Amino acid sequence: PKASGRMLGLEQHGVFRHAARSAAVLFLSVVSCHAMVESSSSLSVLGGAIVRAGERQQSSSGWSRMPSGTYVRMPSSGTPRGVVHFVGGAALGLAPQLVYDALLSSVSDSASVAIVATPYEVSRDHCDLARAVARSFDGACEECGLSAFPPSGVFRLGHSLGGKLLAIVACTATSAPGSLGTLAYNNFGVAESISFASVVVQQLTGQADAATSALILNALAFAQQFAATQGVSFEFTPSPQELDQLIAARFGAMSASVWRFSDDELDSSDGRSSFSLSPNPSPNPHPHPHPH
């Protein structure tokens, strides 16, 4: 599928402008806190706000919500020729059926595939998140009669952190994980991720905010110091280096494709992609002139 600069669609609704700025600050502040204590209630509030704001759009978008919270969309043709497991980026991935609807609906109808989008709440343990989205996908496929597809008919697509989670799935799945595609793949550590907070804010709001950037960087410095004094790990699990090693040793996807945006400082694909360590042929990134 072609990556779309209007994938998020938030710029179409002025009401999201202020919310996007607050969301960026909230998300990155919560990420810092996760290095010391597991808490995702703030992100749940953010996800709920996005869902409520887009209820009218959801009613006509063709998505069905499973009892587990997973969202499924069947193609307009009726009978899918395959299934795509989609995992969105941190925070925005809480409501994939809304935030990524334009992209996923287009893919579903043009390729005649079912989309299974698995929401998740951010945490420092990315291995645990990967297991959770994999279980959600398997459960939704069972519920919707999509579990009969062979590995050649299963595709996994992840945006940003979602790409990292699906890369972990491709290394740890007990069954063949199918093919993997990443969009704006992010495998940065905690410190790097939060240091790029000003970029996130500017991309979501369309304007620079020096005060917000300074606030986030000061929060990062405080969190690092506090974690050091408490003997608490400040890094994601797995760390960027650990994931590189895992992919080099156990990457099991049938094929891998990388889509990246030009001038995206939050992207780990260009020259630093873990997939270059994979025993499978290294994919060529497909650049698109849009931000993260």
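So, the second largest pocket: this predicted model gives that pocket a volume of about 480 Å³. A pocket here is an open set of points on a 1 Å grid over the protein atoms alone, where a 1.4 Å probe fits, with protein on both sides within 12 Å along at least five of seven lines. Grid points are joined across faces, edges and corners, and the volume is the space filled by probe spheres set on the points. Lining residues have an atom within 4 Å of a point. There are 25 of those, and Ala134, Asp138, Arg156, Ala173 and Ser175 are the closest to the pocket's centre.

Quick housekeeping. Numbering starts from 1 along each chain as its sequence is written, and side-chain values use heavy atoms, with hydrogens and water left out. Since we're on a predicted model, local features need pLDDT of at least 70 and side-chain atom pairs count only at pLDDT 80 or more, while totals for chains, interfaces and linings use all residues.

Back to the lining. Which elements each supply at least two residues of it? Helix H6 (126-144), strand E5 (154-159) and helix H7 (161-172). Those names are DSSP runs numbered from the N terminus, helices being H or I with at least four residues and strands E with at least two. H6 gives the largest share, 9 residues. By type, we get 16 nonpolar, 4 polar and 5 charged residues in the lining. Nonpolar means Ala, Val, Leu, Ile, Met, Phe, Trp, Tyr, Cys and Pro, charged means Asp, Glu, Lys and Arg, and the others, Gly among them, are polar.

Now H7, my favourite. Its 12 residues reach 17 Å from first C-alpha to last, close to the 16 Å expected at 1.5 Å a residue; the expected span is 1.5 Å times one less than the number of residues. Is H7 mostly covered or uncovered? Covered: 11 of its 12 residues are buried, where buried is under 20% relative accessible area, exposed over 50% and partly exposed in between, with a 1.4 Å probe and protein chains only. Even Lys164 is among the buried ones. They pack against strand E3 (83-87), H6, E5, strand E6 (179-183) and helix H11 (240-250), contact being heavy atoms within 4.5 Å.

Next, Cys127, over in H6. Why does Cys127 count as partly exposed? Because its relative accessibility is 21%. From Cys127 to Leu165 is 38 residues in sequence but 7.3 Å in space, C-alpha to C-alpha. Leaving aside residues up to four places away in sequence, Cys127 touches Ile168, Thr237 and Pro238. And the Thr237 to Pro238 peptide bond is cis, omega near 0°, with Pro238 in the loop between helix H10 (210-230) and H11.

Ala91, in the loop between E3 and helix H4 (96-99), has a positive phi of about 70° without being a glycine, and is buried at 7%. Ala184, between E6 and helix H8 (190-195) in a loop, has phi near 55° and is buried at 0%.
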